[in-house]
Every structure is written in structure tokens, then in C-alpha cells.
Amino acid sequence: MYLGHNQHPVANERGFTPVRRSAEHGFTLVELMVVIVIIGLLATIVAINVIPATDTARVEKAKADIATIEQALEQYRLDNLTYPSGTDGLQALISPPASLAQPQRYRRGGYIKKLPNDPWGRPYNYAVPGRKGAFDISSLGADGQPGGENENADIYSSEL
């Protein structure tokens, strides 16, 4: 008696076919849910460890930018015998200000190629005189408001 391909005589007598997984059947819903939960847990662990590092990196970038601008201001002072005025601001590092007493002393090409914005997209602040020195370059931090803590804290050149 021929029962057909992959059929067992006892299985046909009882009214069911043997359970057998093949590549055509795929995964069950429970198996898929377990995999999705595991991926979600791994993504959460990675996010918890990476997100704070981004804030720290932005603060460090702001400090590096401020140090670069400070160097440009020192070069400006060496050539022009004074720092840019508060009204001329940091733009005086890119092009000679109209108030410059001796324009011939101004370095051709300026003192910095491009003024960077802080890591949160806002221009750096320049104040003459500074809190503790001749000038201050500052960023208001992530929140853009005076004061704050952690990544929202203000960053001043005089405090670096």
C-alpha cells in the first residue's frame, strides 16, 4: 500500500501527520518576539552608554574651539598691539575692522579662516574686558541660557 511522499502509515491511521520543520515553515511568533526583545535590550544598553558621551564630546569641542579663538586673538594683539574692541567682536579676526588704528599691521588673510559656532549651533560670545582677564570667549552651553549645570553650564575662556 503506497501512502504518498513523506507519509507514515501509523500517522495516517491516527489522522495527523508527523511534526517536522522545514525551511518553508519559518519561525514562530514566539521566536520572533524573543529575538526582538533581545535586540531591544542590546539597543538600550548601547544608547545608555553612548548618549552621555555625546554631551561630553560637545563640551570638549567647545573648549577646543575657545582655545583656537584665543590663539587667534593673541596673534591679533601681537600684530595690532591691542585686542579687538567689543563692538568689532570676533569678526575682527577674519577681516580688518574699520576702527583699526594702523590697518597696514593687520595680517593678510586674517587670523582665523572661519569663526566656528559652538557645538549647539550658536556663535561664541566675546567680551572685553573679561571676567578675569583682558577678554572672555564664552558659550552658553546646551540650553543657550546663562548659568546651568553639566552640559548646560556656561563655558568661559577665563575658567579653562
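In the predicted model, S138 is buried, with a relative accessible area of 7%, where buried means under 20% relative accessible area, exposed over 50%, and partly exposed in between (1.4 Å probe, protein chains only). The structure is a predicted model in which local features need pLDDT of at least 70 and side-chain atom pairs count only at pLDDT 80 or more, whereas totals for chains, interfaces and linings use all residues. Residues are numbered from 1 along each chain as its sequence is written, and side-chain values use heavy atoms, with hydrogens and water left out.

S138 is placed in strand 2; helices (H or I, at least four residues) and strands (E, at least two) are DSSP runs, numbered from the N terminus. When neighbours within four places in sequence are set aside, S138 is in contact with I66, Y124, N125, I155 and Y156, contact being defined as heavy atoms within 4.5 Å. L140 lies in the loop between strand 2 (136-139) and strand 3 (155-156) and is partly exposed, at a relative accessible area of 22%. Not counting residues up to four places away in sequence, L140 touches N125, Q145, P146, N152, A153 and D154, and its C-alpha is 8.8 Å from that of R122, a residue 18 positions apart from L140 in sequence.

The structure holds five salt bridges, each being a side-chain nitrogen of Lys or Arg within 4 Å of a carboxyl oxygen of Asp or Glu. One of them joins K63 and E60, with the closest N and O atoms 3.8 Å apart; these residues are separated by about one helical turn, because they are three residues apart in helix 2. K63 is partly exposed at 31% relative accessibility, and E60 is likewise partly exposed, at 45%. Another salt bridge links the side chains of D65 and K61 at 2.8 Å, N to O, both residues lying in helix 2, four residues apart, about one turn of the helix. Within this pair, D65 is buried at 12% relative accessibility, while K61 is partly exposed at 40%.

A further salt bridge brings together the side chains of D79 and R107 (3.4 Å, N to O). This pair links distant parts of the chain, 28 residues apart, with D79 in helix 2 and R107 in the loop between helix 2 and strand 1 (125-127). R107 counts as partly exposed, at 32% relative accessibility.

Helix 2 (residues 29-80) also includes L29, which is exposed, with a relative accessible area of 65%.
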